[in-house]
Amino acid sequence: MDFETIIEPFKIKSVESLPITTPEQRKDYLVREHSNVFGLKSQEVTIDLLTDSGTGSMSSEQWASLMRGDESYAGSKSWQRFEEVVRELTGYKHIIPTHQGRASERILASICVKSGDIIPSNSHFDTTRANFEFAESTPVDLLCKEGLSLLDPSDFKGNVDLEKLEELLKSEDGSKVPFVLMTITNNTGGGQPVSMENLKLVKALCEKYKKMFLLDACRFAENAWFVSQREDKYKGKNVRDIAKEAFRLADGCSISLKKDGFGNIGGLLALNDDQLAEDAKNLLILTEGFPTYGGLAGRDLDALAQGLIEITDENYLQYRTRSIAYLGEKAISYGLPIVQPAGGHALYIDAKTFLPDIPPHQYPGQAIVCELYLLGGIRTAELGTFAFGVAGENGENDTPATHELVRLAAPRRTYTQSHFDYVAEVLEKLVENKDKLKGYEITEQSKFLRHFTAKLKPLA
Ligand code: F0G
């Protein structure tokens with residue numbers, strides 16, 4: 001359309017009330033949960049930006065496809081529809097459904113990874129890393145230097161550092177690499193895209209050193225959209241065609257369909273190699289289900305097939321990425337430091353730069369998370385020393401994480417412009433309150449993944 005205003009390219013058919021709470025209630029809820037927003041009940045959260053995973057809205061066509069769901073144990077029509085759409089999109093020979101991304105990762109780790117292996121990536125997502133570590137291998141992140149700098153506004157900050165990758169592949173350690181995994185878009189690095197050029201050069205390196213090339217393609221459509229906007233050779237090209245080309249550069253992929261599958265649940269593993277696919281299917285039967293449903297209901301497969309058709313709608317992708325960029329522009333105008341440019345699925349606040357007086361072991365990111373909830377009932381996620389730092393022993397400080405970030409992840413097709421305006425207003429207030437913010441201390445924590453359950457207390 002020839003107007004500047006980018007509209008939500010959908011209208012609303014079914015609504016769910018947003019809980020509106022008072023500041024006093026929010027304070028009580030947060031005290032009850034020991035300042036950990038994972039403990040909050042959803043009816044206590046007004047705008048939930050904890051994750052974009054499985055939290056999106058289905059279209060009326062997806063709801064209709066649920067009714068078409070065929071619950072036959074083997075060879076259901078829903079499976080056939082799912083397989084057909086995934087094959088058209090990805091081109092891979094073997095398609096294996098799973099209940100979510102980490103199930104695909106666990107199978108991949110079991111069939112392809114052995115003790116002592118090294119797995120290079122632009123950046124591994126937490127569950128991917130954990131699954132490879134569980135298989136006693138070493139996942140390594142080889143993100144390009146632009147990606148390492150939070151404020152660098154480069155277009156493709158998700159790219160892998162090709163020199164470092166080749167250095168590893170040609171070294172003695174190269175023989176320990178079973179495959180190279182590229183995450184598109186790069187969630188851990190701020191939801192940043194990977195260029196097609198980078199993917200092609202990774203493919204060339206994989207061919208040269210005879211390695212399998214795999215994608216963690218949870219956000220393949222957002223990546224393809226950014227390519228169509230930013231990469232000269234692809235400007236103006238059809239987004240679905242770009243996504244198809246990206247899949248065809250690799251030998252397989254793992255996808256959490258809770259993101260760009262428009263699904264509330266679901267995942268897949270796809271491989272070209274016959275033997276690996278057979279191994280994967282055997283394991284799937286053991287832990288997930290028969291290979292034509294993989295732990296999903298027939299209706300889930302049908303809704304996902306429809307979601308995978310809708311996700312490359314360019315009007316939708318424009319609205320989605322524009323919503324996040326808009327929030328980013330507002331944040332910058334208030335003087336709030338963010339990872340630049342804004343990511344595809346989320347905005348990341350740089351808590352270290354914003355709150356330089358709160359040291360990492362007093363969790364500046366968590367101070368922002370709590371303040372955003374107290375101010376406006378907005379739930380976000382800390383991705384800093386609270387989530388990734390190593391707990392200090394006997395009163396020592398924690399070993400800090402590389403960055404102190406807070407992620408505002410947007411569920412798909414769920415919030416409207418006025419919701420984003422509301423979030424922006426709360427961010428403005430956060431900046432006004434900056435000098436009042438205090439650090440936190442942990443009073444109780446578990447050994448692993450402490451941020452889900454730890455108890456904290458604000459410092460006096
Ligand atoms: N890979 C990436 C890049 C992811 O972002 C996620 C999940 C997974 C794999 C695992 O998929 O959750 O279906 O098992 N990311 C969610 C998030 C949890 O909030 O970023 P899953």
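View 1. The domain assignment, which is an automatic or database one, divides the protein into domain 1 (23–52 + 315–458) and domain 2 (60–310). Taken over C-alpha atoms, the centres of domain 1 and domain 2 lie 27 Å apart. This is a predicted model, in which local features need pLDDT of at least 70 and side-chain atom pairs count only at pLDDT 80 or more, whereas totals for chains, interfaces and linings use all residues. Residues are numbered from 1 along each chain as its sequence is written, and side-chain values use heavy atoms, with hydrogens and water left out.

**View 2. Contact and buried area between domain 1 and domain 2.** In domain 1, 22 residues are in contact (heavy atoms within 4.5 Å) with 26 residues of domain 2. Between them the two domains bury about 2100 Å² (accessible area, 1.4 Å probe, lost on being put together and summed over both), and 57% of this area is on carbon and sulfur atoms.

**View 3. Salt bridges across the interface.** Five salt bridges are found between domain 1 and domain 2, each defined by a side-chain nitrogen of Lys or Arg within 4 Å of a carboxyl oxygen of Asp or Glu. A salt bridge joins the side chains of Asp260 and Arg412, with 3.0 Å from N to O.

**View 4. The side of domain 1 that touches domain 2.** The elements giving two or more residues to this side are α13 (314–333), β9 (346–350) and β12 (405–409), where helices (H or I, at least four residues) and strands (E, at least two) are DSSP runs numbered from the N terminus. With five residues, α13 gives the most.
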